[in-house]
Amino acid sequence: MRVAIVGTGAMGSVYAGLLGSAGNDVWAVDRWTEHVDAIRARGLRVEGASGDRIVRLGATTDPATVGPVDLVVIATKAMDVRAAAESARGLLGPETVVLTIQNGLGAGDVAADVLGDERVILGVAGGFGASVVAPGHVHHHGLELVRLGERHGPATSRVERIAGVWRAAGFTVRTYDDVGRLVWEKLVCNACFSAACTLLGATIGEVLADPHAWAVASACARETYEVAVASGVELGFDDPVAYAAAFGARIRGARPSMLQDRLAGRPTEIDAINGAVPPRAAALGLQAPVNATVTALVKAGEPTKRG
């Protein structure tokens, strides 16, 4: 399969490396010139739970040079999905499928608004704990699960076909008929750890181990769960605190991408994660005060807020 990964940060690079290692024709598309140059010169190194490999694949800052592909994977941060989708127009052929994989809520709607509802399917990745070591080099703590589904309705033959390509590359993949469930189950875990780790500069394991930090983090998970249930989403668990704790225990040494963004001086995805919960709660007559508080604190430290 010919694949373009648009946004090859930590997670996008893991996708690109493993899919390329499995023999697919993979292109890494990213605005980060040093990363692209390193991949061109030395290949992409992916180490961690999947082993340690250097993969030769195409890399460019200009998607127009790639041409049409079978699959576009948008792996940017949530706030960059619209720009990524706009840049991906030249990658589309008549049958190209666009898979968008982000944390938080709303990415699929944005991609579909730009590229067409009929092209876009959704993915949710969990339990990777990925980070960039250096340009051209990424690490991941886990390789737990990639979930795929159509934006509307049951999984189709195209979803199953794409799932097969990812499985052949070493990913554990499940397809689902209810994509809303996928997104909200991941959001419970993201809301639990993202803001708390970012505010404390802590790993997931350190938040789990500290009773004060865990009180805040678990409250974020509980509020998110309550909003999902009130919205009519049928989740696969009834104890959000235990669910989030079990998720975190598998990648204790990881730093959430939000913390990595903070340490690098980049804007975070807070509005799509913890910040997405309070307005949805309000629309249902509920409140999410802990998510609202941690969102305000993270936003207070955003680069644009600094003097």
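Is Arg45 buried, exposed or partly exposed? Arg45 is partly exposed, at a relative accessible area of 30%, where buried stands for under 20% relative accessible area, exposed for over 50%, and partly exposed for what lies in between (1.4 Å probe, protein chains only). The model is predicted, so local features need pLDDT of at least 70 and side-chain atom pairs count only at pLDDT 80 or more, while totals for chains, interfaces and linings use all residues. Residues are numbered from 1 along each chain as its sequence is written, and side-chain values use heavy atoms, with hydrogens and water left out. Helices (H or I, at least four residues) and strands (E, at least two) are DSSP runs, numbered from the N terminus.

**Salt bridges**

- The whole structure holds 16 salt bridges, a salt bridge being a side-chain nitrogen of Lys or Arg within 4 Å of a carboxyl oxygen of Asp or Glu.
- Arg45 pairs with Glu47 in one of these, and their closest N and O atoms are 3.6 Å apart.
- A network of salt bridges links Arg45, Glu47 and Asp52.
- Arg181 and Glu185 form a salt bridge with 2.8 Å between the closest N and O atoms.
- Both Arg181 and Glu185 belong to helix α6, where they sit four residues apart, about one turn of the helix.
- Glu185 is buried, with a relative accessible area of 4%, whereas Arg181 is partly exposed at 28%.
- Asp261 and Arg266 join their side chains in a salt bridge of 2.8 Å, N to O.

**Helices α6 and α9**

- Two packed helices are described by the angle between their axes and the distance between the axes.
- Helix α6 (residues 179-200) and helix α9 (residues 240-249) have axes that come within 9 Å and cross at roughly 75°.
- The axes are lines fitted to C-alpha atoms, for helices over the stretch in contact, and the angles run from 0 to 180 degrees between N-to-C directions.
- α6 and α9 are therefore roughly perpendicular to each other, since angles of 65 to 115 degrees count as roughly perpendicular, under 35 as roughly parallel, over 145 as roughly antiparallel and the rest as oblique.
- On the α6 side, Glu185, Val188, Cys189, Cys192 and Phe193 meet Pro240, Tyr243, Ala244, Phe247 and Gly248 of α9; contact means heavy atoms within 4.5 Å.

- Phe193 is located in helix α6 and is buried, with 2% relative accessibility.
- Leaving aside neighbours within four places in sequence, Phe193 is in contact with Ile204, Val207, Leu208, Trp214, Ala244, Phe247, Gly248 and Pro256.
- Not counting residues up to four places away in sequence, Ala191 touches Cys220, Thr224, Ile273, Asn274 and Asn291.
- Ala191 and Val46 are 145 residues apart in sequence, and their C-alpha atoms are 27 Å apart in space.

- Val73 is part of strand β6 (residues 69-74) and is buried at 0% relative accessibility.
- The contacts of Val73, not counting residues up to four places away in sequence, are Val3, Ala4, Ile5, Val6, Tyr15, Leu99, Ile101 and Trp166.
- Val6 is 67 residues from Val73 in sequence but 6.0 Å from Val73 in space, C-alpha to C-alpha.
- Ser50 sits in the loop that runs between β3 (44-48) and β4 (51-55).
- With 17% relative accessibility, Ser50 counts as buried.
- Ser50 is in contact with Leu18, His140 and Leu143, leaving aside its neighbours within four places in sequence.

**A nonpolar surface patch**

- Leu199, Leu200 and Leu297 make a nonpolar surface patch of about 270 Å².
- Patches are made of residues with over 30% relative accessible area and no salt bridge; like charges are joined within 9 Å and nonpolar side chains (Val, Leu, Ile, Met, Phe, Trp, Tyr) within 5 Å.
- Accessible areas come from the Shrake-Rupley method with a 1.4 Å probe, and for residues only the protein chains shown count as cover.
- Leu297, one of the patch residues, lies in helix α12 (residues 289-300) and is partly exposed, with a relative accessible area of 47%.
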